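I'd like to walk you through one chain, so please have a look at the screen.

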Amino acid sequence: MGSLITPHCSNCKFPFKQMMVGGGMRDFLESVKIPFSCYDCGTLSVQNIYSPSKKCSKCRKEMVMFGKEVSDMDSDEYRDCVFDWGMGSFGSEGYVLMNEKYQCPKCKTHNLLFENTGMWD
Ligand SMILES: [Zn+2]
Ligand SMILES: [Zn+2]
């Protein structure tokens with residue numbers, strides 16, 4: 001049910017690890033993993049979007065979410081996404097990670113792209 005995504009920065013080419021995002025069969029109502037970044041210490045990791053605090057495991061600073069929560073997932077605007085996730089059992093609210101450049105936590109330039117590299121369940 002989830003996806004595997006791999007971040008790539010075309011500027012610093014830091015070897016980021018593949019990340020598991022989305023939710024598993026058993027706990028997807030309580031836990032949906034989304035990529036987050038700590039720009040203080042340069043960590044890129046997944047956090048549960050339902051968790052009230054998304055603190056960096058290394059430096060305890062608040063992390064910044066990649067992608068965005070949207071209320072109209074089916075919109076054409078989000079067709080070019082790397083990963084999306086519907087929240088709740090009906091409606092069109094969800095999360096999208098777009099196929100666009102984000103800020104790299106290592107070199108701080110806007111050259112970070114995510115690539116969808118597989119599925120997991
Ligand atoms: Zn970089
Ligand atoms: Zn940190």
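Let's start with β1 and β2, which pair in the antiparallel sense over three bridges. A quick word on terms: strands are DSSP runs of E with at least two residues, helices are runs of H or I with at least four, and both are numbered from the N terminus. Two strands count as a pair if DSSP finds at least two bridges between them. In this pairing, Ser3 stands opposite Val21 in β2.

Before I go on, the housekeeping. This is a predicted model, where local features need pLDDT of at least 70 and side-chain atom pairs count only at pLDDT 80 or more, while totals for chains, interfaces and linings use all residues. Residues are numbered from 1 along each chain as its sequence is written, and chains are lettered from A and ligands numbered from 1 in the order in which they are written.

Now, what else does β1 pair with? Strand β1, residues 2-9, is also joined to β9, antiparallel, by eight bridges. Along that pairing, Leu4 has Gly118 as its bridge partner, and Pro7 stands opposite Phe114.

Put together, that gives an open antiparallel sheet of three strands in the order β2-β1-β9. Since β2 (19-21) and β9 (112-120) are at the edges with a single partner strand each, one side of each is left without a neighbour in the sheet. From one strand to the next, the twist averages 35°, with axes as lines fitted to C-alpha atoms (for helices over the stretch in contact) and angles from 0 to 180 degrees between N-to-C directions.

Next, the hairpin of β3 and β4. Strands β3 (residues 33-38) and β4 (residues 43-48) run antiparallel and are joined by six bridges. Cys38 stands opposite Thr43. Four residues lie between these strands, and Gly42 takes a positive phi near 80° in this hairpin.

Beyond its neighbours within four places in sequence, Val21 is in contact (C-beta atoms, placed from the backbone, within 7 Å) with residues including Ile5, Ile34, Val46 and Phe83.

Finally, the whole chain. It has nine strands and zero helices, and buried residues make up 26% of its 121 residues. The C-alpha atoms fill a box of roughly 40 × 30 × 25 Å along the principal axes. Of the contacts with a separation of 6 or more, 45% are between residues 24 or more positions apart.

That's my tour, so over to you for questions.

Technical notes: Buried ≥ 20, exposed ≤ 12 C-beta atoms within 10 Å, placed from the backbone. Contact = placed C-beta atoms within 7 Å.
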